[in-house]
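I opened this model to look up ring pairs, charge pairs and surface patches. My entries follow in the order I made them.

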Amino acid sequence: MIAFARLILVVMVLMTICYIIVNVYLFFRWRKGLEDEWKRRSSAGDERVFVRRSMRRYRRRWRPILISLIYIFPVTLMTVLVFVINFF
């Protein structure tokens with residue numbers, strides 16, 4: 001059981017690094033897309049307000065998805081796998 005706890009700790013550190021990398025990459029990619037959309041529309045108003053408002057939507061939309069894909073799914077899969085291998 002200690003080996004499993006150590007495995008989970010190492011994997012959580014690696015998943016945190018992956019989460020940060022993916023989050024930063026998607027953040028800048030989304031922001032670039034918003035800036036391009038602003039230029040394409042040539043809308044009246046402030047570009048910073050448009051980007052800031054849209055980035056709030058991005059955070060609400062992608063944060064739970066990333067957390068579930070990078071943290072919850074792999075840990076659940078590993079737990080089930082270890083349980084099945086050890087007890088069946």
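Predicted model: local features only at pLDDT ≥ 70, side-chain atom pairs only at ≥ 80, totals over all residues.

**Entry 1: charge pairs**

I searched for salt bridges and counted four.

Arg-31 has a relative accessible area of 31%, so I logged Arg-31 as partly exposed. Its partner in a salt bridge is Glu-35, with 3.7 Å between the closest N and O atoms. That passes because the cut-off is 4 Å. Glu-35, at 26%, is also partly exposed. Both residues sit in helix α1, four residues apart, which is about one turn of the helix.

Next I looked up Asp-36 and Lys-32, whose side chains meet in a salt bridge at 3.2 Å, N to O. Asp-36 and Lys-32 are four residues apart in helix α1, so about one helical turn separates them. I logged Asp-36 as partly exposed at 31% and Lys-32 as partly exposed at 48%.

Then I took Arg-41 and Glu-37, which form a salt bridge at 2.7 Å, N to O. They too lie in helix α1, four residues and about one turn apart. Glu-37 has 22% relative accessible area and is therefore partly exposed.

**Entry 2: aromatic pairs**

I searched the whole structure and found seven aromatic pairs. I noted Trp-30 with Tyr-58: the pair is tilted, with 5.5 Å centre to centre and 35° between the planes. Trp-30 is in helix α1 and Tyr-58 in helix α2 (residues 47-87), so this pair ties together parts 28 residues apart in sequence. How accessible is Tyr-58, buried or exposed? I read 3% relative accessible area, so Tyr-58 is buried. Trp-30, at 27%, is partly exposed.

I then logged Trp-38 with Phe-50, a tilted pair at 5.4 Å centre to centre and 35° between the planes. Trp-38 belongs to helix α1 and Phe-50 to helix α2, twelve residues apart. I marked Trp-38 as buried at 13% and Phe-50 as buried at 13%.

I also noted a cluster in which ring pairs link Phe-27, Phe-28, Trp-30 and Tyr-58.

**Entry 3: nonpolar surface**

I found a nonpolar surface patch made of Leu-9, Val-10, Val-13, Leu-14, Ile-17 and Ile-21, with about 560 Å² of accessible area together. I placed Ile-21 in helix α1 (residues 2-41). Ile-21 has 54% relative accessibility, so I logged Ile-21 as exposed.

Notes
Residues numbered from 1 in each chain as written. Heavy atoms only, no water. Patch = residues over 30% accessible without salt bridge, like charges linked within 9 Å, V, L, I, M, F, W, Y side chains within 5 Å. Areas by Shrake-Rupley, 256 points an atom, 1.4 Å probe, with all protein chains shown as cover. Helix = DSSP H or I, 4+ residues; strand = E, 2+ residues; numbered from the N terminus. Buried < 20%, exposed > 50% of the residue type's maximum accessible area, 1.4 Å probe, protein only. Phe/Tyr/Trp six-rings, centres within 6.5 Å; stacked < 30°, edge-to-face > 60°.
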